[in-house]
Amino acid sequence: MMYEMTVQIRVTDIEKGQAWYQSLLRREPDFIPHEGFAEWELIPGCWLQVAEGVPAAGCGPLRVGIENLEAERERVMSELQVDWFEIYQREEVPVKWATFEDPWGNRVGFFEYLDQAEKAEKIAQSRKA
């Protein structure tokens, strides 16, 4: 039985990496078990680990669901100096999505449900858990 998940992203400078992800996620890490490592519980049972080390080229992207993709694009470009990134959408896919890179080349991004009722249901479910 699976009950939790962790995803690890590596950065070459943990202080800068932690600061960058704090800004991206808009909060301090939930857990710093030891030097060179920080963790955020994104939703119950789903952890993002930022670890000092060699970034894994070509991995990802790690995308997280958000409420307003366009607003987050503007914020990330302004606050984190991320270059412009495209938002994609396909008729057969129920979300729109975007991918960008952190300063270490890790591919991360966001997605947003197109159907407002479905989006509201997903948000409510994540807040209950």
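Is Arg26 buried or exposed? I looked up its relative accessibility, which is 55%, so Arg26 counts as exposed. The terms I use are buried for under 20% relative accessible area, exposed for over 50%, and partly exposed in between, with a 1.4 Å probe and protein chains only.

**Basis of the entries**

I note that this is a predicted model, in which local features need pLDDT of at least 70 and side-chain atom pairs count only at pLDDT 80 or more, while totals for chains, interfaces and linings use all residues. Residues are numbered from 1 along each chain as its sequence is written, and side-chain values use heavy atoms, with hydrogens and water left out.

**Entry: overall fold**

I recorded three helices and seven strands in the protein chain. Read from the N terminus, their order is β-α-β-β-β-α-β-β-β-α. Helices (H or I, at least four residues) and strands (E, at least two) are DSSP runs, numbered from the N terminus.

I then looked up the dimensions. The C-alpha trace spans about 40 × 40 × 25 Å along its principal axes.

**Entry: burial, contacts and surface**

I found that 36% of the 129 residues are buried. For contacts (heavy atoms within 4.5 Å), I considered residues at least 6 apart in sequence; 51% of these contacts join residues at least 24 apart.

The protein chain exposes about 8,200 Å², and carbon and sulfur atoms supply 51% of that area. Accessible areas come from the Shrake-Rupley method with a 1.4 Å probe; for residues, only the protein chains shown count as cover.

I listed 14 positive and 24 negative side chains, with the centres of the two sets 4 Å apart. Lys and Arg count as positive and Asp and Glu as negative, whereas His and the chain ends are not counted. The place of a charge is taken as NZ of Lys, CZ of Arg, CG of Asp or CD of Glu.

**Entry: cysteines**

How many disulfides does the structure hold? I found zero, a disulfide being a pair of cysteine sulfur atoms within 2.5 Å. For Cys46, the closest cysteine sulfur is that of Cys59, at 17 Å, which is too far for a bond. Cys46 is buried, at 14% relative accessible area, whereas Cys59 is partly exposed, at 42%.

**Entry: backbone geometry**

I returned to Arg26, which lies in the loop between helix 1 (14–25) and strand 2 (37–43). Although Arg26 is not a glycine, its phi is positive, at about 65 degrees.

Gln81 is also not a glycine and has a positive phi, of about 55 degrees. I placed Gln81 in the loop between helix 2 and strand 5 (87–89). Its relative accessibility of 61% makes Gln81 exposed.

Which residues does a cis peptide bond join? I identified Gly60 and Pro61, with omega about 10 degrees. Pro61 lies in the loop between strand 3 (46–52) and strand 4 (62–65).

**Entry: helix 2**

I examined Arg75, found in helix 2 (residues 69–80). Arg75 is buried, because its relative accessible area is 8%. Leaving aside neighbours within four places in sequence, Arg75 is in contact with Ser23, Leu24, Arg26 and Leu80.

Leu69 is found in helix 2 as well, and I noted that Leu69 is buried at 0% relative accessible area. Not counting residues up to four places away in sequence, Leu69 touches Ile87, Lys96, Trp97, Ala98, Phe110 and Glu112. Leu69 and Arg127 stand 58 residues apart in sequence, and I recorded 19 Å between their C-alpha atoms.

**Entry: Asp102**

Where is Asp102 found? I located Asp102 in the loop between strand 6 (95–101) and strand 7 (107–113). With 3% relative accessibility, Asp102 counts as buried. Beyond residues up to four places away in sequence, Asp102 touches Ile9, Val11, Trp20 and Tyr21. The C-alpha atoms of Asp102 and Gln81 are separated by 9.5 Å, and the two residues are 21 apart along the chain.
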